[in-house]
Amino acid sequence: MRRHRMLAAFLLAAAPLAASDSVPPNPAIDMEAHLRLSAEAARLRETHRVSEEEFLRMSGEPGTVVLDARSEAMYDLRHVRGAVNLSFPDFTADRLAEIIPDKATRILIYCNNNFQNDPKAFALKAPAASLNLSTYATLYMYGYRNVYELGPYLDVRTCRVKLEPAL
């Protein structure tokens, strides 16, 4: 009986491995590279998070792109003045090259989790699912290294970052 339980436990544990062995490989999906590049991006990101004041200063400098990766619907409700919208699901090499042809361009990013008191336009996401994290890592994966993230959690009613349309 004990041998049967051990065999059953082994088979259950091996089942996911056997199932994945039977799934054909997909050269268009590379989880190992995703995890490696995400870890590299995370290290760089720690030195590329900026204050509201720094975000304002950098956004006013020529050649800087403020990128809003939220959906077009959320962008239309409210966004940082002057921001360019490219919804995260639309990130491809071609679309990014259209919006930001030079990979050395300074890019400033922000997301829902940077603004409070406008839950319609800036619906709070789980901290680990913050769009800033995905956006930063994905831009890194496409070769953009001059990316800076708005760090603080700002109140839309009192922040100095100009938002459109205004309340």
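Buried residues make up 37% of the 167 residues in this chain. Buried here means under 20% relative accessible area, exposed over 50%, and partly exposed in between, with a 1.4 Å probe and protein chains only. Keep in mind that this is a predicted model: local features need pLDDT of at least 70, side-chain atom pairs count only at pLDDT 80 or more, and totals for chains, interfaces and linings use all residues. Residues are numbered from 1 along each chain as its sequence is written, and side-chain values use heavy atoms, with hydrogens and water left out.

The chain has six helices and nine strands. These are DSSP runs numbered from the N terminus, helices being H or I with at least four residues and strands E with at least two. Of the contacts with a separation of 6 or more, 72% are between residues 24 or more positions apart. A contact means heavy atoms within 4.5 Å.

Now the sheet. Five strands form an open sheet with parallel pairing, in the order β1-β7-β5-β2-β4. β1 and β4 (84–85) are at the edges with a single partner strand each, so one side of each has no neighbour in the sheet. Two strands count as paired if DSSP finds at least two bridges between them.

Let me stay with β7 for a moment. β7 is joined to β1 by two bridges, and R49 has E149 as its bridge partner in β7. With β5, the pairing runs over three bridges, also in the parallel sense. Here I107 is partnered by V147, and I109 by E149. Both faces of β7 are covered, with V147 and E149 buried on one side and Y148 and L150 buried on the other.

Next, helix α3, residues 52–59. Which of its residues are buried? They are E52, F55 and M58. Seen down the helix axis, these fall within an arc of 130°, so they line one face of α3. That arc is taken from the directions from the helix axis to the C-beta atoms. In general, an α-helix has 3.6 residues a turn, so residues three or four places apart point the same way. The buried residues of α3 pack against several strands, including β2 (65–68), β5 (107–110) and β7 (147–150).

On to the helix pair. α2 (residues 31–45) and α6 (residues 131–141) pack at about 110°, with their axes 9 Å apart. Axes are lines fitted to C-alpha atoms, for helices over the stretch in contact, and angles run from 0 to 180 degrees between N-to-C directions. α2 and α6 are therefore roughly perpendicular, a term that covers 65 to 115 degrees, while under 35 is roughly parallel, over 145 roughly antiparallel and the rest oblique. From α2, the residues involved include H34, L37 and R45, and they meet a set in α6 that includes L133, Y136 and M141. α6 also lies across β2, β5 and β7, running at about 155° to β5.

Last, one residue. Leaving aside neighbours within four places in sequence, H79 is in contact with D68, R70, Y110, K162, L163 and E164.
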